[in-house]
Amino acid sequence: MSYRILVFVKQVPDTQNISGDAMTPEGTVNRAALPAIFNPEDLNALEMALDIKDRFGAEVIVATMGMPAAAEVLRQSLYRGADRAVLVTDRALAGADTLATSYTLSCCAKKIGAVDLILCGRQAIDGDTAQTGPQIAEKLNIPQLCYVEEVKELGDKDITVRRAIEGGYEILQAPMPALLTVIDANDPRPMNAHNIMRFKNARTKSEVARPAGQTPLTPEETAAKVAELERAGLLIEEWSAADVNAAPERTGFAGSPTKVKQVMSVVLTASEAKQIEPTQAGINELIHELISDHTLG
């Protein structure tokens, strides 16, 4: 039996060196201020989907919501072995919080059609909320299995997984279709050289119309290039909010009750340091000091 798996991925700003410039006056992330990367745990989710494909046979569809530049993570997914890629992009989707994002992605899932599994990373590093995946499951009214480490068994109608819990793990079973959020418990495969050569020229319609660093194409030139890519199997599907039947009042900034007040970089520094000699006398002195300030005893 071959399965159909939808993986939601996200292009995120690299938050390792975040600063105050990473926030707009409206309280949203200024993505232009930071380099963009593939959200790490979404790579783990993609790897789990590709592992299922290797073990059981599956079609792996990867979708993302974002600006046209987010198509880069879709190409990277194709390089790793995904079969199909979809970009949901629209100015109306800008400024979305997890509620609006999960709504739009649930609309995307409905447009894609029947799938056996939906996989997401546990959380994105630009928000760390871990809310979007479960909210998608709630909107689609399907079971959710969170913090998944491994798919143990996959049957015709159900899935058995191992998921991490504090101090150990659980083995859970759920009927399909189901949504899984995946943690960093696997090693994502590298991009395949053959697939890179095959898909390096894959583009969305927006990328075709406005080539990076070049003069935008005319509508006629765009249509001709899009047709050429489609014939070659290199056109990445691109959908608007209207294409996925998303209600305007539930998307983007308008559909987002959550607002970010401030973004800051927290750096922990030592206020005082004291060197302890690696001798019995040094250890005795340390113990005496810890007892004196009531850290011990």
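**Testing the labels**

Student: Why is Arg189 called partly exposed?
Tutor: In this predicted model, Arg189 has a relative accessibility of 23%, and since buried means under 20% and exposed means over 50%, Arg189 counts as partly exposed.

Student: What makes the contact between Asp54 and Arg189 a salt bridge?
Tutor: The closest N and O atoms of Asp54 and Arg189 are 3.0 Å apart, and the rule asks for a side-chain nitrogen of Lys or Arg within 4 Å of a carboxyl oxygen of Asp or Glu, so the pair qualifies as a salt bridge. Asp54 lies in helix α1 and Arg189 in the loop between β10 (178–182) and α5 (193–199), so the pair ties together parts that are 135 residues apart in sequence.

Student: Why is Asp54 called exposed?
Tutor: Its relative accessible area is 52%, and exposed means over 50%, so Asp54 is placed in that class.

Student: How do you know that Lys53 and Asp83 meet in a salt bridge?
Tutor: Their N to O distance is 2.8 Å, and the limit is 4 Å, so the pair is counted. Lys53, at 25% relative accessibility, and Asp83, at 39%, each count as partly exposed.

Methods
Residues are numbered from 1 along each chain as its sequence is written. This is a predicted model: local features need pLDDT of at least 70, side-chain atom pairs count only at pLDDT 80 or more; totals for chains, interfaces and linings use all residues. Side-chain values use heavy atoms; hydrogens and water are left out. Buried means under 20% relative accessible area, exposed over 50%, partly exposed in between (1.4 Å probe, protein chains only). Helices (H or I, at least four residues) and strands (E, at least two) are DSSP runs, numbered from the N terminus.
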